[in-house]
Amino acid sequence: MKVRFWGVRGYVPTPDAAMLRYGGNTCCTAVTGDQGELIVLDTGTGFCMLGDELMQGEFGRGRGTLTLLISHTYWDHILGLPFPGVVHIPGNRLDIYGPDSTRGSLQMVYDGMLSPVYSPVFGLAHIGATHRFTPISTEPFIVGQLTIRAMPLSYRPHSPIWAYRLEERGRVLVYITDVRYGESGIREAAIAFARNAHVLIHSAPYLRAEEVEDYGHSRIEDAIETAQAADVERLVLFHHAPTRTDDELDAIVDRLRQMLAAQGSALQLLAAAEGMELVV
Amino acid sequence: MSLDIYGLARTQSSLRTTLAGALSDPLFPLQFDDLRAQLNFFEIGAGSEFELGPVKVRTALANHPYRALAYRLETSRGVLTFIPDTGPFHTVLFGEQRIEWAGQPTARSQSELRELAAMKEAILELAYGADWLIYDAQFTDAQYARFPHWGHSSASQAREIAEAAQVRQLILFHHDPHRTDTELDQIVAKQQSLAAPGLLVTAAFEGMELERRP
């Protein structure tokens, strides 16, 4: 499978000249299976750019199908969903997997985003493409040749967050975002879930030394420790802090690579950038 | 910290509920009531007039799906009018029901024609003589023809409002997400070439500052 990053920023879009190399769109990652299956991990504002590209193909003719895996419904992971033409063209189909909250199902949350106080769409019933919602569970499911597993990353029932593991012919991609390792047992569960992944995409907004109030989100060092404990081959940091410039991110990655080299660690470290592609 | 938040009173939802919905789990990692700032909500309507210190504020209704409010801010040193998210006044783009689009931006009745005329008149009055008019100019004319029901204007429609209201500087705003810098430069140049004498056409950009009158 192939991965392409369309949005790598956390929290808010950052269209700042000093941040354009890594990019300012919020979380959206596209995975293409060997048979062309299209799976999208989260639909932050990066999804608008992906949508533009998809319009050039089958989606532009109302014959496209994609699978969305939503980790959670905070704005930076869903804001792009209603905007691209692909979701407005009848005939296109979106199979959407994600967690239901005790405040409302994923479908209700999305319908609310499209209600007339927030959107001219006037509710999900009036959007053009077919949207099929499936509440996520730990039961594995199949999309084309890919097997997809999911795992809850939070015990808070009003704002659930899930991780995804995609496997195709022995190759493994794991996606962990917005995790709070302070919650009991989550770190161990995440390590087990990411075990032997060839690529782990992990949110990494801040370093431990940065004293930022960040709702208990994991730090960049946590991503590395999880990857090492899980024997991950390549770790891709994403969900970059909105204050982080390209030069700062370069420096952080350089420093962390030196640290890994000094440890004799085999872990390969990358920072995701918009447009970056990987073969898993 | 205290924030005074003004917005349009609507039947579907209170201003507080609308913002709280967007700033609560599962869309945002806290509860609205946990925000530490003091939030004061003021639901206002079209035609409101009030003062914020030395600034006189007036409002008018914009023509946007499910309604938007336009503002005029006036002091002894200058007038700024902010008219985002409005279509031209060809058809009424809001109401309690979903707009069923018939394909042409035309008024459907005499009463709708009267409503449109009154709405446009109020917008022109709001913008009249402004030093700065910030106006929705998302579209090119060709895009407007394709999406007239979206509730956005073209740059030429913005210029026509600015001319009719005898504005000094038009600031095109709410740029289409696909509009490149070069295209915007071209749009500004074209609208400036068509503009009535005395009207300066510009496009808003991040970091732009407007100087008060000397």
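I'll start with the sheet in chain A of this predicted model. The sheet is open, with 7 strands in the order E6-E5-E4-E3-E2-E1-E14 and mixed pairing. At the edges sit strand E6, residues 130-135, and strand E14, residues 277-279, each of which pairs on one side only. On average, neighbouring strands of this sheet are turned by 20° against each other, direction ignored.

Now the E6 end. Strand E5, residues 93-98, runs parallel to E6(A), and 6 bridges join the two. One pair of residues to look at there: Ile96(A) stands opposite Phe133(A) in E6(A).

Helix H3, residues 106-113, lies across E5 and E6 of chain A, and runs at about 140° to E6(A).

Stepping back to the whole chain. Chain A has 6 helices and 14 strands. Along the principal axes, the C-alpha atoms fill a box of roughly 55 × 40 × 40 Å.

How much of chain A is buried? Buried residues are 60% of the 280. The accessible surface comes to about 11000 Å², and carbon and sulfur atoms account for 53% of that.

Last, the contacts. Of those in chain A with a separation of 6 or more, 69% are between residues 24 or more positions apart. That's the end of my part.

How values were computed:
Residues numbered from 1 in each chain as written. Chains lettered and ligands numbered in written order. Predicted model: local features only at pLDDT ≥ 70, side-chain atom pairs only at ≥ 80, totals over all residues. Heavy atoms only, no water. Pairing = 2+ DSSP bridges. Helix = DSSP H or I, 4+ residues; strand = E, 2+ residues; numbered from the N terminus. Axes fitted to C-alpha atoms, helices over the stretch in contact; angles between N-to-C directions. Contact = heavy atoms within 4.5 Å. Buried < 20%, exposed > 50% of the residue type's maximum accessible area, 1.4 Å probe, protein only. Areas by Shrake-Rupley, 256 points an atom, 1.4 Å probe, with all protein chains shown as cover.
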